[in-house]
Amino acid sequence: YVSNFVNKGLCIFDVSNPASIVTKGNTGVGLSGAIGVYVSGKYAYVASSNNNSLCIFDISNPTSIVTRGTTTANLNNSSNVYVSGKYAYVTSNSNSRLCVFDVSNPDSVVAKAFTTTNLSNPFGVYVSGKYAYVTDQTNNNLSIFELNSTDTPTFNTGAATISNLQV
């Protein structure tokens, strides 16, 4: 599953034989500058930068991808998405936000919460337990947000500046 920024789409490839990669399906519906993709179950969640949105696609049949829900609430230059449980966490570059959406009904995405980060260019997002980790694309910063409630997320924030990170 690949988001394609230049061709504005979501592409699905069969990589079961790495020597012969096969395109299974693709869509550009509702996407302009697709930049981040997260797959969970039969759904692909795509952050679309140029149209400031989160789009959800049913990928149960890769040759016939179906658009389900979409939202632009609180997003401006969406950059990445991570799904945990019934929530999608989306970074939004131009307004320095982390946004949370209830995606339990993919046809009706509901904005639940957002916070303005202390990052100049929030990009990567990862959620583990009750914390969301957001990286800055420009300044090598990491912010950590405590997700206080799973039903109505609210945020507490902490930050770290990293000059050199080895994994």
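**View 1. Cysteines without a disulfide.** The structure holds zero disulfides (a disulfide being a pair of cysteine sulfur atoms within 2.5 Å). Such a link is a covalent bond between the sulfur atoms of two cysteines. Cys-55 is buried because its relative accessibility is 2%. Cys-99 is buried too, at 0%. Buried means under 20% relative accessible area, exposed over 50%, partly exposed in between, with a 1.4 Å probe and protein chains only. This is a predicted model: local features need pLDDT of at least 70, side-chain atom pairs count only at pLDDT 80 or more, and totals for chains, interfaces and linings use all residues. Residues are numbered from 1 along each chain as its sequence is written, and side-chain values use heavy atoms, leaving out hydrogens and water.

**View 2. An open sheet of four strands.** The order is E4-E5-E6-E7, with antiparallel pairing. Strands are DSSP runs (E, at least two residues), numbered from the N terminus; two of them pair if DSSP finds at least two bridges between them. Strand E4 (34-40) and strand E7 (66-71) form the edges, each pairing on one side only.

**View 3. Strands E5 and E6.** Strand E5 (residues 43-48) runs antiparallel to strand E6 (residues 53-58), and six bridges join them. Ser-48 stands opposite Ser-53 in E6.

**View 4. The surroundings of Thr-91.** Thr-91 belongs to strand E9 (residues 87-92). With 0% relative accessibility, Thr-91 counts as buried. Its side chain makes a polar contact of 2.6 Å with that of Ser-79. A polar contact is a pair of N or O atoms within 3.5 Å; within protein, one must be able to donate a hydrogen and the other to accept it, and residues adjacent in sequence count only if both atoms are side-chain atoms. The Thr-91 side chain also reaches the backbone oxygen of Phe-123 at 2.6 Å.
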